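Me: I have a protein model open and would like to learn how to read it. Could you take me through some of its features, one by one?

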Amino acid sequence: MDFSFSQEQNMLRETVRKLMDKHAPLEIVSEHDRAGTYPYDLHKAWADAGLMALPFSTELGGLGGSVIDLAIIAEEISYTSADFFMAYAGGIFCGLNIERKGNDAQKQKYLPKLIAGDLRMAISISEADAGSDITAMKTRAVKTASGWRISGDKLWCTGAGVKGTLLNVYLITDPEVNPRKGMSLFLIPNDLPGITLKKLDMLGRKSTGTYEVHFDNVEVSDDAIIGGENSGWDCVLSGLQVERITSAAGNIGASLAVVDLASNYAAERSQFGRTIGSNQAIAHMLADMKTKVAAARALMWQAASKVAAGENALMEISMAKLFSSETYVEVANCGMQIFGAFGYSMEYPMQRHYRDSRSATIAAGSSQMQRNLIAGLMGHKISN
Ligand SMILES: Cc1cc2nc3c(=O)[nH]c(=O)nc-3n(C[C@H](O)[C@H](O)[C@H](O)COP(=O)(O)OP(=O)(O)OC[C@H]3O[C@@H](n4cnc5c(N)ncnc54)[C@H](O)[C@@H]3O)c2cc1C
């Protein structure tokens, strides 16, 4: 498999790296993490640099980029902060869904604003009793004379409370059938009357934030539905490959940062009159970390190349999501050990990786669900 990048792709990586260095140096990342504030200036800088436009087709004002370009961006943003990467990815994943499933009016209404950085988007599927099992979803939209009325609660929605966010909410529209055939995707501004947003006190990913969304008789019109009534499941599936591969790339970027931080620290920190990296115990830990990240990265690029070539890569993508998320958790844990008490201190960035990494094996399809999927594709019958 050929992993060589084009000159444009190398330039894209360079551009994103420079942009992140300029707009999100470590002290800014820590400030946002500590205060739990959204990086609005950075988001604007992404838009100004064309990063929000990148994956969309040129007819819609985009730059016609590929999944390879998205994975490059994911690696580079996440190298700075996995949390900031979620801020970028939420809008991109939802926007691509609108490009695939929306009608012309919906594309014209939302995509230019998203590309300009004036609109953000958040995906809302999960509920208290519907996590890995999406089909346990209960929150309903009920047909009215003029559109739909929504009541109920959604949980764990990343970025839902950020200013100017369009919620991409999956709701039951036909309770009589299996939710796979009876759910629809609604586009709902997060400031509509009847919506209450509560930022949840989570371990990590504090800047983009994780929210509970309460709907109290929220009224929306028919054109809030995207992809057609009761076609929500199709929308969930249609973006899965690109979303999971980009998420895997995000895990890799953050893991690369952890290895660099730990390696640099081990080369500088001295105890017993020598650097801690000159102890085999630490040096081998670093060697294992580097090897695991390289392996996860190879898996991710292999999967991304297949997706870019239009091939079905469900097995490779699931393996890349599984291995990259577990690698991020593992290297962040080792990074803490190498940093000693400084790693445990809120003054240093390793604790942020330790906290942010922990959600990677839970969100967007847990490790167990990825293993179920992989084993299922291998021909083993797994009961979900
Ligand atoms: C930081 C963060 C951000 C998130 N952002 C969003 C978002 O933006 N939008 C959104 O809709 N949701 C979001 N989620 C929710 C996420 O998608 C769910 O947490 C995930 O689907 C798992 O659901 P759950 O937490 O209810 O766990 P459960 O489904 O209750 O699972 C609990 C444990 O049981 C395991 N398990 C469950 N079923 C099986 C099975 N069949 N076989 C083996 N093991 C199983 C799981 O792997 C897990 O270890 C986010 C979650 C986090 C932590």
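Predicted model: local features only at pLDDT ≥ 70, side-chain atom pairs only at ≥ 80, totals over all residues.

Me: What counts as a strand or a helix?

Reply: Both are DSSP runs numbered from the N terminus: helices are H or I with at least four residues, strands are E with at least two. Strands pair if DSSP finds at least two bridges between them.

Me: How many bridges join strand 4 to strand 5, and do the two run parallel or antiparallel?

Reply: Strand 4 (residues 165–172) and strand 5 run antiparallel, joined by seven bridges. L171 faces S184 of strand 5. On strand 5 there is also a pairing with strand 8 (residues 225–226), again antiparallel, through two bridges. There, L185 has I226 opposite.

Me: Which way do strand 1 and strand 4 run, parallel or antiparallel?

Reply: Strand 1 and strand 4 run parallel, with five bridges between them. One example is S124, whose bridge partner in strand 4 is V169.

Me: Is strand 4 buried or exposed?

Reply: The idea is to count neighbours: a residue is buried if 20 or more other C-beta atoms, placed from the backbone, lie within 10 Å of its own, exposed if 12 or fewer, and partly exposed in between. Eight of the eight residues of strand 4 are buried, so the strand is largely enclosed by the rest of the structure. T165, L167, V169 and L171 point one way, L166, N168, Y170 and I172 the other way, and all are buried. Strand 5 (residues 183–189) is mostly covered, with six of its seven residues buried.

Me: Where is there a hairpin?

Reply: Look at strand 2 and strand 3, which form a hairpin with three residues between them. Four bridges join strand 2 to strand 3 (residues 147–158), and the two run antiparallel. V142 has R149 of strand 3 as its bridge partner.

Me: Which residues does S126 touch?

Reply: Two residues are in contact if their C-beta atoms, placed from the backbone, lie within 7 Å. Leaving out residues up to four places away in sequence, S126 touches G131, K154, L155 and W156. S126 and W156 are 30 residues apart along the chain, and their C-alpha atoms are separated by 6.5 Å. S126 belongs to the loop between strand 1 (120–124) and strand 2 (140–143). S126 is partly exposed, with 19 other C-beta atoms within 10 Å.

Me: How do helix 4 and helix 10 pack?

Reply: Two packed helices are described by the angle between their axes and the distance between the axes. Axes are lines fitted to C-alpha atoms, for helices over the stretch in contact, and angles run from 0 to 180 degrees between N-to-C directions. Helix 4 (residues 67–80) and helix 10 (residues 280–308) pack at about 150°, with axes 9 Å apart. Helix 4 and helix 10 are therefore roughly antiparallel to each other. (Under 35 degrees is roughly parallel, over 145 roughly antiparallel, 65 to 115 roughly perpendicular, and the rest oblique.) V67, I68 and A71 of helix 4 meet M300, A304, V307 and A308 of helix 10. By class, this contact has seven nonpolar, no polar and no charged residues. (Ala, Val, Leu, Ile, Met, Phe, Trp, Tyr, Cys and Pro count as nonpolar, Asp, Glu, Lys and Arg as charged, and the others, Gly among them, as polar.)

Me: Which domains does the chain have?

Reply: The assignment gives domain 1 (7–118), domain 2 (123–228) and domain 3 (239–377); such bounds come from an automatic or database domain assignment. Between domain 1 and domain 3, the C-alpha centres lie 21 Å apart. In contact are 21 residues of domain 1 and 19 residues of domain 3. Helix 4 gives the most to the side of domain 1 that touches domain 3, with ten residues. That side of domain 1 divides into 13 nonpolar, four polar and four charged residues.

Notes:
Residues numbered from 1 in each chain as written.
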